[in-house]
Amino acid sequence: MEGLDLSRGNLTGLDLTGRSLAFSKLEGADLSRSRLDKADLLQADVRKAVLTETSFRSANCYQAAFIEAHGDDADFSGANLEGANFQR
């Protein structure tokens, strides 16, 4: 699944546990209540995405761009956030 363009997609409630979304474009996507536990988001573009109650537990978010992403109660417990960008 690497390098997909899921920009502005409705991905609400999906279970993407353990999936590789490395280098994927998720800009403006709605990931509300989705599970991305242990997913690979290496250098993924998650700008302006909706992350309400989204779980990224133990995910690899190395150098992922979460610029202007928003939502309450996103869970990044144990995630690799090295080099990730959360600018507002």
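Predicted model: local features only at pLDDT ≥ 70, side-chain atom pairs only at ≥ 80, totals over all residues.

Visitor: How many helices and strands does the protein chain have?
Guide: Helices are counted here as runs of at least four residues and strands as runs of at least two. By that count, the protein chain has zero helices and zero strands.

Visitor: Which residues touch the most other members of the largest nonpolar core?
Guide: In soluble globular proteins, nonpolar side chains tend to be buried together. In the protein chain, 35% of the 88 residues count as buried, and the largest nonpolar core holds 20 residues. Those that touch the most other members of this core are Leu41, Val46, Leu51, Phe56 and Phe66.

Visitor: Is glutamine 43, with its positive phi, buried or exposed, or something in between?
Guide: Most residues other than glycine have a negative phi. Glutamine 43, although it is not a glycine, has a positive phi of about 55°. Buried would require under 20% relative accessible area and exposed over 50%, so glutamine 43, with 38%, is partly exposed.

Visitor: What relative accessibility does glutamine 63 have?
Guide: Glutamine 63 also has a positive phi, near 55°. Glutamine 63 counts as partly exposed, with a relative accessibility of 36%.

Notes
Residues numbered from 1 in each chain as written. Heavy atoms only, no water. Buried < 20%, exposed > 50% of the residue type's maximum accessible area, 1.4 Å probe, protein only. Core = buried A, V, L, I, M, F, W, Y, C linked by side-chain atoms within 4.5 Å.
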